[in-house]
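Let's take a friendly walk through this structure together, one region at a time.

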Amino acid sequence: MSRSEYEVKQRLQSYSRRMFLQRAGLLGGMIALGGGSYLYNPRRTWAADPIKVGIATDLTGPISWGGIPNANVAKMVIDDMNASGGLLGRPLQMVLEDTATNEALAVTKVRKLVTQDKVDVVLGGITSSMRNAIKDTIVNRGKTLYIYPQLYEGKECTPYLFCTGPTPAQQCDTLIPWLIRNGGKKFYLPSADYVWPHVLNEYARKTILKNGGEVVGEEYFPVDHNEYSATVNKIMSNKVNVVFNTTIPPGVAAFFKQLYEAGFTKNGGRLSCVYYDENALNITPAHEIEGLASCLDYFKAVNDPGGNKIQQEYNKLYPGNNPFTAGSASTGMYRGLRLWEAAVKEAKSVKREDVAKALDHAKIADGPGGGCEMVPGTRHVKMNMYTAVAKSGKYEIVEKSKGPVMPGECG
Amino acid sequence: MSAVPFIFDVLAYGAIFVLVVLGLGVIASMMGIFNFAHGEFVLLGAYTVYLLEQRGVPVWIGMLAAPVAVAIVGLLLERTVIRRFYAAPVAAMLGTYAIGLALREGVRGLLGGQFYSVAAPLVGSFGVGDVLVSKWRTAVILITVVVMVASWLLLTHTKFGLQVRASLENPALARASGISTDKVYAATFAFGAALAGLAGGLMVPIYSLSADMGVPFLIKSFLAVMLGGAGGFEGAMAGAAFVGGSSAALPWFIKPVVADVVVFVIAIAIVKVRPQGLLSRWRT
């Protein structure tokens, strides 16, 4: 073999080796990422560039109960938009990032969404700490629109950040008067020690007092607390009528069990917990939370045509243990995408300024629990609210709000 | 303040801690390995009960199956991974932490991140005076006492226990005397894992199943082992009773958020005053 032939062969060999390494690296990366954006390219080929929708949510880690159905709903809605012709004659591309219930990691992930993928809008985040961690990267430095889908404590008034889940006003205004009528006047507020319960309780306390009730105790526990008998004893000995609970899973299971075993509900006490949706019914055996009252923007039991259609479609696509519920931010995600769609259609543009202007008063005629609309100037949504009571492991709707309830934020 | 619920609560929570720390204490005191995957062994025990219950098996059979299932997992892990760490306790902590993370996220994936309840074999409560006391928690207190005594007898009064202690004190001499230290370590680790599995099985009706159910217990369990002195099995039990009991008792008098910190402060103060338990009989 001549020298030059040898060199060529060497180069070819090393080239193919490098190709192999590159491909192996790519494949490894794809497997490691576990189904990132590359899986969600629109199947059809389109002439125009796609509009990119960034979804940043917790597919893994402790909040994955919310992140998994959130990603499912987003995919379902975006596929549906593509099937009906896309937006402005352009296809939509969903770019999904797993924020892994880790705020530090999430900032890197959303930075990738806004700088590398150059998405036109970001939806996601479940916890308030997640929203607070990623909002600056998206809205201020990334100059991108951000839609936050989960029920939360309110007070989020950052420009270009739209909230599509219920606020304390929406969850308390109809529920608390109902609790006083159907439980009693003495309230106890056991809570997990983080921002949502603290701020929600402030509003709840105000509403309780306004309606003639009294707060016997308000108590905060470490978020992973799982021993509540001191509190249960205080609740029993003070003859509390309503336990307005904001302790969170997994500890809430032990708390409700101890409360049940001490005879709270048997003695006519009323449990209440405003994040309780259909998923939460699995946390404790049905008899332990018999009569628990919750107030959300949607329950399966509402049995509205819009909600039923979404349920049916969702369950066909994603059977398994992550159903479409309000507490997992699924309804907020649906609403967020549909309101954004309406805004883009009206603005005839995906530019942030144009979309934000249209989104400020966007409305949809139908959705889970009925239609809804943005309250201009607040970046929050007014929506129907439903009070439901758990009976033998199912919810029964006991009260519907008289029309959409105002969010009462940023006004 | 009424005395009955207070005393019962301290006993019940203390018992749960003892149950969780038993397995951890056995492995830490007999083998010098701090098993950071212990919380996930507890989780696996709970998951076993849940899986069997889903298939129509009575809960109490699930609770008997849980230690067996987790012992098998523990044995496999010991044979493949843990035994490589005996010479390096710090690496063992990181290694077992990684194993725990993998187990926890694996179970989370299987559960879709959700929470599931498991019905207790004994539902409801009985009256003591005018106070209602949980039947299942009472059963857990009794079972804990039995398991604790049985484990103690096994480790102090049987041939197996003698071999375990011999392997700990002087591995070279134990091997020279015909004891297969390799097998003894494997068996001890599997035994510790089985105790964790049992704890998980008994706990799951109280705390419900979720991927993170073992996490809140892990750090306090280490505190208990440190407090009791890692050298002795009885010390770990005393430490567990203290940590569990005080975690339950303090919220009766001070804010729960403060109580959590105070437990650690008291424990650290005790370790400072009585450090002799700590590290004294560890194999290096």
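This is a predicted model: local features need pLDDT of at least 70, side-chain atom pairs count only at pLDDT 80 or more; totals for chains, interfaces and linings use all residues.

You will find B:Arg108 in helix α4 of chain B, which spans residues 89-111. Is this arginine buried or exposed? B:Arg108 counts as buried because its relative accessibility is 5%, below the 20% cut-off. A polar atom of the B:Arg108 side chain also lies 3.5 Å from the backbone oxygen of A:Gly61.

Now turn to chain A as a whole. Its secondary structure comes to 12 helices and 15 strands, and buried residues make up 57% of its 411 residues. If you take the contacts in chain A between residues at least 6 apart in sequence, 70% of them join residues at least 24 apart.

Next, look inside. In soluble globular proteins, nonpolar side chains tend to be buried together. The largest nonpolar core here has 102 residues, and those with the most contacts inside it are A:Phe244, A:Tyr276 and A:Trp340. Which helix gives the most to this core? That is helix α2 of chain A (residues 64-83), with 8 residues. There is also a second, separate core of 83 residues, which includes B:Leu24, B:Phe85, B:Leu218 and B:Leu223.

Over all chains, the count comes to 23 aromatic pairs. One of them joins A:Tyr228 and A:Phe255, whose ring centres are 4.9 Å apart and whose planes make an angle of 50°, a tilted arrangement. This pair links distant parts of the chain: A:Tyr228 is in the loop between β7 (214-221) and α8 (229-237), while A:Phe255 is in helix α9 (residues 251-261), 27 residues apart. Both A:Tyr228 and A:Phe255 are buried.

A:Phe256 and A:Tyr276 form another tilted pair, at 5.7 Å centre to centre and with 55° between the planes. Here helix α9 of chain A supplies A:Phe256, and the loop between β9 (270-272) and β10 (293-296) supplies A:Tyr276, 20 residues apart. A:Phe256 is buried, with a relative accessible area of 0%, and A:Tyr276 counts as buried at 0% relative accessibility. Not counting residues up to four places away in sequence, A:Tyr276 touches A:Phe256 and a set of others, including A:Val252, A:Ile283, A:Leu292, A:Phe299 and A:Tyr395.

Our last stop brings arginines and rings together. A:Arg131 lies over the face of A:Tyr148, at 4.7 Å from the ring centre, and A:Arg352 lies over the face of A:Tyr160, at 3.7 Å from the ring centre. A:Arg352 belongs to helix α12 of chain A (residues 352-359), where A:Arg352, A:Val355, A:Ala356, A:Ala358 and A:Leu359 are buried. Seen down the axis of α12(A), these buried residues fall within an arc of 165°, so they line one face of the helix. An α-helix has 3.6 residues a turn, so residues three or four places apart point the same way. The buried residues of α12(A) pack against α4 (128-141), β4 (145-148), β5 (161-163), α11 (330-347) and β12 (372-375) of chain A.

Methods: Residues are numbered from 1 along each chain as its sequence is written. Chains are lettered from A and ligands numbered from 1 in the order in which they are written. Side-chain values use heavy atoms; hydrogens and water are left out. Rings of Phe, Tyr and Trp (its six-membered ring) pair if their centres lie within 6.5 Å; planes under 30 degrees apart count as stacked, over 60 as edge-to-face and the rest as tilted. Helices (H or I, at least four residues) and strands (E, at least two) are DSSP runs, numbered from the N terminus. Buried means under 20% relative accessible area, exposed over 50%, partly exposed in between (1.4 Å probe, protein chains only). A charge sits over a ring if NZ of Lys or CZ of Arg is within 6 Å of the ring centre and within 35 degrees of the ring normal. The arc is that of the directions from the helix axis to the C-beta atoms. Contact means heavy atoms within 4.5 Å. A polar contact is a pair of N or O atoms within 3.5 Å; within protein, one must be able to donate a hydrogen and the other to accept it, and residues adjacent in sequence count only if both atoms are side-chain atoms. A nonpolar core is a set of buried Ala, Val, Leu, Ile, Met, Phe, Trp, Tyr and Cys residues joined through side-chain atoms within 4.5 Å.
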